[in-house]
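Here is a friendly walk through the model, one region at a time. Keep the viewer open as you read.

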Amino acid sequence: MPVYEATATAPVNIACIKYWGKRDTSLILPTNSSLSVTLDQDHLRSTTTSRADASFEKGDRLWLNGTEESIKEGGRLAVCIKELRGWRREMEEKDGGLPKLSSWPLRIASYNNFPTAAGLASSASGLAALVASLSQLYELPQTPSELSRIARQGSGSACRSLFGGFVAWREGKLADGSDSLAEEVAPRDHWPEMHALICVVSDAKKGTSSTSGMQRTVETSPLLQHRLKVVPDRMDKISKAILEKDFDTFAQITMADSNQFHAVCLDTSPPIFYLNDVSRSLIALIEELNRAAMLTTGHLVAAYTFDAGPNCVIYALEPTMRLIISTVNRFFPQEGHFPDPFGLFEGQSME
Ligand code: 2P0
């Protein structure tokens, strides 16, 4: 008997223009477009294996990092599975020779190789890997953009993790969400000098989930209405900056958008605090490095951005990243393991 099983992986993406707010909470339609960089490191990924088998007991089941999670009827996971199964069923109806995978129960196992729910976008890579693995299992012909419409309904930011490189999630205008999808702005190899440093300030689970936090923002923040007016221009300008490899504009917009996103969180009632004192010290450090760099070279050297948690992602061009890593390490000494991709600290004690 053939085994019908597929494994797919999807990486984390980090937004430069943040998604924060839904205009439709069940279809997951955003109040603004967003733009992210998909990280291509092996240590920030979700890997999902899906198997369909006629002999499985009735009902789909899913394990996350080895623990079974319920697939709530009508919930986000169930919606993604239902849509993809529906596409498979259409194929089976057209071609009677295909095995009837759509009517067989599924067993799905997903692993993250980084802390879940620590503000490191685990839902994005997790849902993207799930959609990619089911689409492989069902041998679906849909394009990544078409699949992104399904991933979006699992978790908004997941739609962006179906692409590598620089990715835009267009908010769309249609009420059914058919034009709210992700598309590539530029592939990874367009700007290989762009590097990201992840500073894990805390890997504890965050206090306010993105889903509930952003809804509270939509309901209570007057500042969000201003933000929605400025994001379209930022989307245009940062896309152009990426295409032209203009790091100064990329960095200015990335930092401004992170700061505005956190201002909108603070403008929410009751307010949402994602940054902590270490996050703010990292902002001050990068601002100071940039100020000095502007005086000496007329260019910026780094851009910080923070998601729904205190962890900092710093974008910089290689070889400037060497300076950033050594500076961060000097001001925030690490205990034990510290990533040293450039061999800057070889022979030095990390303790
Ligand atoms: C982003 N975040 O663009 C923004 C920045 C957090 C801050 O997308 O409710 O987990 O599942 O659609 O995708 C987090 O939101 O929320 C997020 P749901 P999601 O990356």
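Predicted model: local features only at pLDDT ≥ 70, side-chain atom pairs only at ≥ 80, totals over all residues.

Which strand holds another bridge partner of Ser50? That strand is β9, where Ile108 is the partner. Seven bridges join β6 to β9 (residues 106–112), again with the strands running antiparallel. As background for both pairings, strands of a sheet pair through backbone hydrogen bonds, either parallel or antiparallel.

## The chain as a whole

Stepping back, the chain contains eight helices and 14 strands. Along the principal axes, its C-alpha atoms fill a box of roughly 70 × 50 × 40 Å. How does the radius of gyration fit with a compact globule? For 351 residues, such a globule would have a radius near 20 Å; the chain has 21 Å, so the two agree.

The chain is divided into domain 1 (4–187) and domain 2 (195–331). Taken over C-alpha atoms, the centres of domain 1 and domain 2 are separated by 26 Å. Domain 1 puts 25 residues into the contact, and domain 2 puts in 30 residues.

On the side of domain 1 that touches domain 2, the elements giving two or more residues are β2 (13–17), β5 (34–38), β10 (165–169) and β11 (182–186). β2 supplies the largest share of that side, with four residues. By residue class, the side of domain 1 that touches domain 2 divides into 17 nonpolar, six polar and two charged.

## Around the ligand

How many residues surround the ligand? There are 16, and the closest are Ala15, Tyr19, Ser155, Gly156 and Ser157. Two elements, α2 (122–137) and α4 (210–220), each give two or more residues to this shell.

The shell around the ligand divides into seven nonpolar, seven polar and two charged residues. Why can the ligand be said to lie between the domains? Domain 1 and domain 2 both give residues to the shell around the ligand, so the ligand lies between them.

Another stop on the tour is an open sheet of three strands, with the order β12-β14-β13 and antiparallel pairing. The edges are taken by β12 (194–199) and β13 (303–306); each has a single partner strand, so one side of each is left without a neighbour in the sheet. On average, and with direction ignored, neighbouring strands of this sheet are turned by 25° against each other.

Four bridges join β13 to β14 (residues 312–317), and these strands run antiparallel. Within that pairing, Thr305 stands opposite Val313 in β14. Helix α6 (residues 247–266) packs on the sheet, where it touches β13 and β14, and its direction makes about 30° with that of β13. Helix α7 (residues 277–297) lies across β12, β13 and β14, running at about 160° to β13.

Conventions: Residues numbered from 1 in each chain as written. Near = placed C-beta within 6 Å. Nonpolar A, V, L, I, M, F, W, Y, C, P; charged D, E, K, R; others polar. Domains from an automatic or database assignment. Pairing = 2+ DSSP bridges. Axes fitted to C-alpha atoms, helices over the stretch in contact; angles between N-to-C directions. Contact = placed C-beta atoms within 7 Å. Rg over C-alpha atoms; globule rule 2.2 N^0.38 Å.
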